[in-house]
Amino acid sequence: MNMPVPGHIDPVPVPREVTPREDGRVDLLGLPRKQIASLFEQAGLDAKAAKLRGKQVWHWVYHRGVSDFDAMTDIAKTMRPWLAERFVIARPEVVEAQHSSDGTRKWLLRTADNHDFEMVFIPDADRGTLCVSSQVGCTLNCRFCHTGTMRLVRNLTPGEIVGQVMLARDALGEWPKGRMDGLDDAEDEGTYTSDGRLLTNIVMMGMGEPLYNFDNVRDALKIVMDGDGLALSKRRITLSTSGVVPMMERCGEEIGVNLAVSLHAITKDIRDEIVPINKKYGIEELLQACADYPGASNARRITFEYVMLKDKNDSDDDARELVRLIKQYKLPAKVNLIPFNPWPGAPYECSSPERIRAFSNIVFEAGISAPVRTPRGRDIDAACGQLKTAAEKKSRAELDRIAAEKQAALEE
Ligand code: SAH
Ligand code: SF4
């Protein structure tokens, strides 16, 4: 089966910047600063006032986590209802929040137009990682991935992407308290650092292929990285792609975050089967794009994700070939070995712990770091790539049908 996968072209049917709201108000979350000011101007403020109000609102929203105009105490009392009639600072709706016994938290979220997607927070001793979604569902159909079985796909807007980070901060209680009027200088000039915070890292590894929603992901991450925004360092953000080669250079140049690549196999046959985008952009092309990735260095390595599938991609020879490829392309790389997380109807099994260990040792002995990722939040199905609401059981035939439907949609 030849599966064409568009490259530069955004394959999602209705890309949009802002999800329209029934009440007609405009959601400011995720909009660039300049656009907020120009919306204020369009609504009737003069240019100078629009700029000032834009700056104030931005600060309240991203430094304080405030979403109620009425709480913006440096904005004139009469101005606040004027803003609230026309604008809103929304969060994705929380449909369900789950807490795992190991501290992992998972949220089922809903967009204003009723699409569900998920977000996961994984605390560790020295960091806390938020796993953020870029799309509802995914147009790709990696055979081992639950998200790939979802029919419905829509790009998340910048507001819905940055909204996940805002919501996590809300839930973790990580907004600075204190006043904004300069009387309380402790928190005021609020340079955000990650010191002492729970949420220190972000991975674009939730639902969806981030490089198929490039503009929105970039705009959202710009706000996350903005010193006046959420001020998280680009070194603490990792974007994971299944291998959308034509967008990788722009990812490095325009976003500049760490790159993770879902490699998962080292031969054309096996990667074609489990990561079908490989038919469009093969392993050589992908590894060359990694070698050319702007900003990659020994200090900022590219992560190769490798899901361990029993008798599929987990032999000693596979491990040796992986090492050979990494050396051939002189890649500053580390390898993340991910035990396959089974879901009902999945066509694969996870490799045994001994097999994973042996694979890891071969890569490690070649001088490449190859940690085995510990499954987290298993009791709430929170592992990355496991993100999907209801675990319906699907037959292989049905999975094939979904893949064919998506392909047809892409060809339309
Ligand atoms: N679409 C992007 C990012 C989201 S997938 C990508 O594919 O890279 C995030 C990671 O979870 C990927 O490495 C993916 O391969 C992995 N993953 C998906 N399903 C999984 C499963 N059932 N068990 C373990 N890892 C899985
Ligand atoms: Fe999409 Fe990534 Fe899942 Fe593949 S692994 S189907 S690209 S979310």
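How close do the axes of helix 10 and helix 11 come, and at what angle do they cross? Select residues 316-328 and 353-365: the two axes come within 9 Å and cross at roughly 30 degrees. Here axes are lines fitted to C-alpha atoms, for helices over the stretch in contact, with angles running from 0 to 180 degrees between N-to-C directions. Helices are DSSP runs (H or I, at least four residues), as are strands (E, at least two), numbered from the N terminus.

Before going on: this is a predicted model, where local features need pLDDT of at least 70, side-chain atom pairs count only at pLDDT 80 or more, and totals for chains, interfaces and linings use all residues. Residues are numbered from 1 along each chain as its sequence is written, chains are lettered from A and ligands numbered from 1 in the order written, and side-chain values use heavy atoms, without hydrogens or water.

Back to the pair. The angle makes helix 10 roughly parallel to helix 11 (under 35 degrees counts as that). Now show side chains: helix 10 brings Asp 316, Asp 318, Ala 319, Arg 320, Leu 322 and Val 323 to the contact, and helix 11 brings Arg 355, Ala 358, Phe 359, Ile 362 and Val 363 (contact means heavy atoms within 4.5 Å). Coloured by class, these residues are 7 nonpolar, no polar and 4 charged (Ala, Val, Leu, Ile, Met, Phe, Trp, Tyr, Cys and Pro count as nonpolar, Asp, Glu, Lys and Arg as charged, the others, Gly among them, as polar).

Next, pick Lys 330, in the loop between helix 10 and strand 13 (333-339). Its phi is near 50 degrees, a positive value in a residue other than glycine.

Hop over to helix 6 (214-225) and helix 7 (residues 245-255). They pack at about 25 degrees with axes 11 Å apart, which makes helix 6 roughly parallel to helix 7. Among the contact residues are Phe 214 and Leu 221 of helix 6 and Met 247 and Ile 255 of helix 7.

Now select ligand 1. Of the 22 residues around it, Gly 208, Ser 240, Ser 262, His 264 and Asn 341 come nearest (a residue is near if one of its heavy atoms lies within 4 Å). Zoom in on Ser 262, where a side-chain N or O atom is 2.6 Å from an oxygen atom of ligand 1. A polar side-chain atom of Glu 305 is 2.9 Å from an oxygen atom of the ligand.

Terms used
Parallel < 35°, antiparallel > 145°, perpendicular 65-115°, else oblique. Polar contact = N/O pair within 3.5 Å; in protein donor to acceptor, adjacent residues only side chain to side chain.
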